Amino acid sequence: MMSGRTIADMTAVEVRDAIERKEVSAREVAEAALARVEELDAHVHAFNQVCPDLALQAAARIDAMVAAGEALPPLAGVPAGIKDNMNLVGTRTTCSSRILQDYESVYTCTAVQRLLDAGALPVGKCNLDEFAFGSSTENSAFGPTRNPWDLERVPGGSSGGSAAAVAARMVAVSLGSDTGGSIRQPGALTGTVAVKPTYGRVSRYGLVAFASSLDQIGPFARTVEDAALVLQAIAGKDPLDATSVDEPVDDYRAALDAGVEGLRVGLVTDMLDIEGCAAEVREAVEGAARTLAALGAEVGEVALPMSRHGLSAYYIIGPAEASSNLARFDGIRYGHRVKDAEDVLDLYMRSRAEGFGPESIRRIMLGTYALSAGYYEAYYGQAQKTRTLIIREFAEAFERFDVLLTPTSPTVAFKLGEKASDPLAMYLSDVYTIPLNLAGLPGISVPVGLCPSTGLPIGAQIAARHFDEAAMFRAAAALERALALDMVPPLVRK
Amino acid sequence: MAKDRLAEVLERYEAVIGLEIHTELTSLRSKMFCGCPVAFGGEPNTRVCPVCLGMPGALPVPNEAAVEATVLAGLALECEIARFSQFHRKNYFYPDMPKNYQISQYDLPFCKNGHLDVEVGEGASAYVTRVGITRIHLEEDTGKMIHVGGAEGRIAGADYSLVDFNRAGTPLIELVTEPDIRTPEEARRFAQTLRTVFLALGISDCSMEEGSMRVDANVSIRPRGATEFGTKAEVKNMNSFKALHDALAYEIVRQADLLDSGGRVVQETRHWDAAAKRTSGLRSKEEAHDYRYFPEPDMVPFEFTDEWIASVKAKLPELPAARRERYAAELGLPKQDARLIADDVALSRFFEQAVSVAGADRAKPVANWVLGELSAHLNATGLAVEECGILPEMLAELVVLIEDGTISGKQGKDVFAEMAQTGERPGAVVERRGMRQVSDTDAIEAVARRVLDAHPDEVASYRGGKSGLIGWFVGQVMREMRGQANPAVVNDVLRALLDQQDR
């Protein structure tokens with residue numbers, strides 16, 4: 001063990017290097033991760049399922065490569081968590097829903113396969129808000145995930161399990177999915193680095209769809225470099241996803257050392273003015289802007305007035321697509337089915353009523369309504385027009401700026417139950433992240449401070465042009481280096 | 001129901017019929033949105049994958065060959081091809097549909113505003129009617145259900161139901177006509193003519209029986225002279241062209257009876273029962289749908305360039321209508337023969353190859369043999385023309401043997417039967433069996449003289465005016481010559497001898 005740090009504390013880059021130098025074996029790394037899960041997950045509940053066999057098998061393959069003197073892949077031996085809405089053969093894919101409680105994956109998600117091909121060790125499937133509907137991971141049929149910074153607080157969501165697993169050092173990296181902020185918001189609330197790539201950058205094949213036009217898989221990590229490495233591994237065209245784009249993938253690692261000299265950074269001022277944005281959050285983000293300026297970035301101000309309507313558009317488009325995407329869970333071919341159905345309609349209605357939780361039912365009903373004859377134009381049509389306007393507004397902003405800076409979330413992590421009974425307050429949690437999904441733009445959440453009153457992490461969101469993830473990594477890496485924050489949560493520090 | 005009953009009704013009422021025709025693109029190698037093979041039947045649920053089973057997380061990727069086939073169909077039917085088009089989701093729950101939505105097209109179909117000219121009737125009463133084509137779009141087929149127990153194979157009342165997803169995801173084009181069709185016969189002819197076009201394009205096997213071509217009809221009636229449409233009924237489950245005709249005939253009379261007795265037609269879907277020869281209404285509970293169409297977000301829209309459309313157009317084969325024209329104009333075939341051959345891709349290919357060997361001046365006899373002996377042989381054996389063992393060159397050789405007088409037409413039928421049986425070339429059959437026809441006038445005259453000498457009474461009768469006896473004399477000479485004489489020459493020689501001595 002090096003310099004008092006445990007294996008579990010190591011970043012992905014450190015793990016790979018240590019394995020390559022034969023200081024540790026992949027098996028030891030896997031065992032350390034599994035031990036950490038064993039130790040902490042009873043408190044955190046980051047995982048729905050732990051898969052030690054798969055992790056140890058993957059570790060054995062890496063150790064065999066080391067023994068044979070073969071070149072190691074970029075994430076060799078890196079323990080990874082996978083959000084439980086991505087298929088992985090050998091695991092269940094439950095989406096934290098009763099309706100898929102016992103569903104065994106019959107194929108493996110492209111992004112997961114690419115992560116494994118890069119040498120990562122699959123430790124387990126991470127908890128989420130049911131079907132990714134939520135911002136707190138409280139909407140899981142299997143119980144909430146808790147924030148390693150304060151077990152009374154939520155880790156954010158919907159990828160709360162993936163975020164908490166990385167924050168609590170149970171895994172070095174994880175995959176989440178982001179439809180309206182489901183990677184970036186929990187990233188901010190758990191003090192991790194969290195990336196929502198450009199729509200089409202990462203294949204969605206094998207990700208159980210929430211809203212197909214918004215969903216994107218991306219990484220959690222504890223450093224910008226680790227996040228960049230994971231995205232490097234999973235990005236690129238997939239013939240199985242017609243919306244994945246055949247656009248060259250930049251060398252993200254190279255961008256990390258480029259510095260921000262001359263980088264044009266737009267601080268989105270009207271977003272800071274939104275009611276409900278905590279003063280501490282605002283100050284931390286403004287501080288990040290000053291830091292970037294001090295590092296040589298050209299920081300200016302920009303307003304995105306259309307973006308505030310993103311929330312409304314999102315809560316039409318998201319549920320509309322979800323209502324259709326979730327129709328397949330009907331109890332006919334797989335999933336929960338009532339035993340004593342009288343006829344096919346009874347089978348559908350009762351299997352779904354029993355299988356789906358309240359938030360899923362709410363979104364299915366919202367979406368069904370929005371698409372219904374007579375309402376389509378007023379709701380879905382209008383939302384799509386709003387979406388177009390937001391896309392245009394961003395395009396104009398990106399004529400002046402290379403990246404845009406906003407808070408990731410208006411508040412730090414809130415208490416369990418605090419917003420559970422008020423869906424609208426919960427929905428506001430994603431006001432900064434949603435516009436990027438609507439515009440298909442990439443965004444990263446990077447820690448920029450700890451709240452003076454609560455000691456909880458605050459994240460800033462850096463958005464970039466389509467397929468220009470390199471620019472956002474560049475800014476995030478510079479901030480990370482300059483701020484040099486200690487982002488070890490109390491649970492881990494003990 | 002008597003035919004004249006329909007005729008009587010159609011004197012007072014005008015029927016207004018529009019068709020909705022689903023055709024599976026059976027000639028494609030893979031399904032609409034995945035790599036599973038397209039084929040009929042098979043062990044249930046063996047041609048499936050996560051995509052066509054709608055497993056969680058699986059995504060559709062459009063089959064570009066299916067898109068091209070749809071556009072090809074649109075071009076063949078003179079449609080406008082969309083420059084911008086996309087798929088929509090049609091949402092409804094049914095167990096044969098894995099995702100509980102069908103990927104289909106809505107307001108932006110690939111093709112619209114086309115037409116097809118249809119020849120109806122035979123001979124003097126034949127006419128051509130132009131049927132407008134509203135749209136052609138591409139979608140995925142559903143699986144198949146088997147309902148066990150209950151009535152009429154429907155899901156309501158079944159003890160249990162089984163689903164086979166082999167068909168799920170098969171590329172399906174839906175063609176909708178304008179309400180331009182006026183009689184059951186026009187409807188049948190439209191469907192048959194459309195089938196010949198699709199067969200010529202090679203995009204489907206168009207089997208009504210196997211369900212790769214499925215015709216639904218909207219039908220209403222209105223008093224002659226009225227301009228308003230009547231209330232329509234949609235008729236489904238017509239599994240043959242005859243069923244299409246009979247179901248429409250039944251439905252028109254049913255609606256007329258309703259109106260005649262002061263009743264009203266109810267807008268509903270009606271099921272044709274071919275055994276009972278009647279239509280019956282489905283329970284309305286099964287149909288009140290709001291499909292909640294919205295653009296399919298798992299795919300990007302299609303933007304067709306003029307160049308791409310032109311490249312598809314360049315692939316259009318000669319269509320049956322043009323071929324009919326050509327056979328009539330260039331080869332001199334009678335209209336009916338031209339149609340019968342031209343409508344059948346395989347038969348016309350055979351015919352044209354045979355003509356190219358036999359010569360264009362022999363196209364008519366070649367056509368006669370193709371439509372006569374060859375078609376009878378195909379019907380009797382159930383074989384396709386490509387696999388029947390008779391090559392176009394063989395038929396051409398046979399026609400030449402007859403046309404140049406080497407064998408008689410009657411002998412030709414024997415040779416055909418022999419060659420169909422053995423695959424032997426007609427020339428070889430003629431040689432082996434010593435069938436070479438004698439056209440040598442001297443040889444025939446020698447035999448003819450013998451025959452006349454042997455039958456002085458008959459000669460006297462002939463000369464006395466019973467000229468019909470000529471046929472009897474020909475028969476006698478043919479018998480003497482074991483059928484190998486050229487009957488035309490025998491006829492000429494006999495007449496010459498009989499008339500000469502008469503003088």
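1. Across the interface of chain B and chain A, the rule finds 1 salt bridge, that is, a side-chain nitrogen of Lys or Arg within 4 Å of a carboxyl oxygen of Asp or Glu. The partners are Arg204(A) and Asp298(B), whose side chains meet at 3.0 Å, N to O. On the side of chain B that touches chain A, strand S4 (88-91) and strand S15 (294-295) of chain B are the elements that give two or more residues; strands (E, at least two residues) and helices (H or I, at least four) are DSSP runs numbered from the N terminus.

2. The model is predicted: local features need pLDDT of at least 70 and side-chain atom pairs pLDDT 80 or more, while totals for chains, interfaces and linings use all residues. Residues are numbered from 1 along each chain as its sequence is written, chains are lettered from A and ligands numbered from 1 in the order written, and side-chain values use heavy atoms, without hydrogens and water.

3. How many residue pairs are in polar contact between chain B and chain A? The count is 21, with both residues at pLDDT 80 or more; a polar contact is a pair of N or O atoms within 3.5 Å, one able to donate a hydrogen and the other to accept it, and residues adjacent in sequence count only if both atoms are side-chain atoms. The side of chain B that touches chain A has 23 nonpolar, 4 polar and 5 charged residues.

4. In total, 32 residues of chain B are in contact with 37 residues of chain A (heavy atoms within 4.5 Å). The area buried between the two chains is about 2,800 Å², and carbon and sulfur atoms give 60% of this area; buried area is the accessible area (1.4 Å probe) lost on putting the parts together, summed over both.

5. The backbone has two features to inspect. Gly157(A) and Ser158(A) are joined by a cis peptide bond, with omega about 10°. Ser158(A) lies in the loop between strand S3 (121-126) and helix H5 (160-167) of chain A. Asn113(B), in strand S6 (residues 111-120) of chain B, has a positive phi of about 55° although it is not a glycine. Most residues other than glycine have a negative phi, and most peptide bonds are trans.

How values were computed: Nonpolar A, V, L, I, M, F, W, Y, C, P; charged D, E, K, R; others polar.
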